[in-house]
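Visitor: I would like to go through the sheets of this model and hear what each term rests on.
Guide: Then let us look at it together.
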Amino acid sequence: MSTINVGIADLNVCTAPDVLATYALGSCVGICLYDKKTGVAGLAHIMLPWSKDASKADNMRRYADTGIWELCNLMKSKGANFPTVVAKIAGGAQMFQANSSVFNIGERNVEAVKIVLSKLNIPIVAEQTGENYGRTVFFDAATGTMQVKCAARPTMNY
């Protein structure tokens, strides 16, 4: 078994027995996609909701709309069958106190992820989002389990 680290504004795909991991999900969202039939697992760590304001030289993996599409294409190239793919998501915290929705990037990220997944007909079967704390995610390709670890909170498996 190998643990494959997925950095900020990055993504990767694997199969059993490997595990995908991403750290420091504050307002960012981790999107875990899994095809139980083929065992193909994918994880994206997005930072921002929409790529419409991005420059051509920008890393398109940082945005929900373009990063999720790229993750899906990579999974397809590894044999994933999209009618059977499901999603689990974590992150989207409000890390700073602010009364304006403009500053609540975590909430906007979660909303964008849900819109993109809905357009792709990928159901969200588990979610741990919002609140005001960071998360680390481990996604097991053998079982499709998303493990969420948070400081001073119990580890949760989804």
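Visitor: Which strands form the open sheet that contains β1, and in what order?
Guide: In this predicted model, the order is β1-β3-β8-β9-β10, 5 strands with mixed pairing.

Visitor: Why are β1 and β10 said to stand at the edges?
Guide: β1 (3-5) and β10 (156-157) each have a single partner strand, so one side of each lacks a neighbour in the sheet.

Visitor: What makes β8 and β9 a pair?
Guide: Pairing requires at least two bridges between two strands. Strands β8 (residues 135-140) and β9 (residues 146-149) have 4 bridges, in the antiparallel sense, so they meet the definition. F139 stands opposite M146 of β9.

Visitor: What is the strand order in the open sheet that contains β2?
Guide: The order is β2-β5-β4-β6-β7; these 5 strands also show mixed pairing. Here β2 (10-14) and β7 (124-129) are at the edges, because each has a single partner strand. From one strand to the next, the twist averages 10 degrees.

Visitor: How do you know that β6 and β7 pair?
Guide: The cut-off is at least two bridges. Strand β6 (residues 85-91) is joined to β7 by 5 bridges, and the two run parallel, so they count as paired. The bridge partner of I89 is E127 in β7.

Visitor: What makes helix α1 a helix that packs on the sheet?
Guide: Contact means heavy atoms within 4.5 Å. Helix α1 (residues 64-77) touches β2, β4 (29-35) and β5 (40-46), and its direction makes about 20 degrees with that of β2.

Visitor: Which strands does helix α2 lie across?
Guide: Helix α2 (residues 105-119) lies across β4, β5, β6 and β7, at about 25 degrees to β4.

Conventions. Residues numbered from 1 in each chain as written. Predicted model: local features only at pLDDT ≥ 70, side-chain atom pairs only at ≥ 80, totals over all residues. Heavy atoms only, no water. Axes fitted to C-alpha atoms, helices over the stretch in contact; angles between N-to-C directions.
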